Amino acid sequence: MFLLRASPYNPPSIPPGRLETQVATVELTKENFQDIVGNNDFVVIDFWAPWCGPCRSFAPTYEAASEKHADIVFGKVNTEEEQELAGYFQIRSIPTLMIFR
């Protein structure tokens, strides 16, 4: 039997909205969208929906790209749950990618 102990590691302070590089993709909502986009140099956003076959097919490729490029924030917006964001950006077909710098 192995016992794991919590380490006394205290992570460095990260400014609000700034993401740690270990996160592959982040779910964007109307509550965190401005903070994430405003506090990161480069953000790629995938607008998708759970019922969308092409979105589900594209997801592994998007996830792999996010793991390969840890210096870029890769976000996902579920257009079913975040209809206000999808409407604001006039998303008419999915998947749709947007890049913010």
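What follows is a close look at one helix and its surroundings.

A: Please keep in mind that this is a predicted model. The helix to look at is α2, which covers residues 53-68, counts 16 residues and reaches 24 Å from its first C-alpha to its last, close to the 22 Å expected at 1.5 Å a residue. Along the way α2 bends by about 35° at A59, and a proline, P60, follows within four residues.

Now turn to the sheet. It is an open sheet of four strands in the order β1-β3-β2-β4, and its pairing is mixed. Because β1 and β4 stand at the edges and have a single partner strand each, one side of each is left without a neighbour in the sheet. From one strand to the next, the twist averages 25°. In general, the strands of a sheet pair through backbone hydrogen bonds, either parallel or antiparallel. Here β1 and β3 run parallel and are joined by three bridges, and T25 has F74 in β3 as its bridge partner.

Helix α2 lies across β1, β2, β3 and β4, and runs at about 160° to β3. Within the helix, C55, Y62 and S66 are buried, and the buried residues of α2 pack against β1 (25-27), β2, β3 and β4 (96-100).

Although A24 and S66 are 42 residues apart along the chain, their C-alpha atoms are separated by 5.2 Å.

Finally, it is worth looking at the nonpolar residues of the model. In soluble globular proteins, nonpolar side chains tend to be buried together. The largest nonpolar core here has 15 residues, and those with the most contacts inside it are L28, F33, I45, F89 and F100. At least two residues of this core come from each of α1 (33-38), β2 (43-48), β3 (73-78) and α3 (83-88). As an example, F89 touches F33, F47, M98 and F100, not counting residues up to four places away in sequence.

Key:
Residues numbered from 1 in each chain as written. Predicted model: local features only at pLDDT ≥ 70, side-chain atom pairs only at ≥ 80, totals over all residues. Heavy atoms only, no water. Core = buried A, V, L, I, M, F, W, Y, C linked by side-chain atoms within 4.5 Å. Buried < 20%, exposed > 50% of the residue type's maximum accessible area, 1.4 Å probe, protein only. Contact = heavy atoms within 4.5 Å. Expected span 1.5 Å × (residues − 1). Bend = angle between axes of the 7 residues up to and from the residue. Pairing = 2+ DSSP bridges. Axes fitted to C-alpha atoms, helices over the stretch in contact; angles between N-to-C directions.
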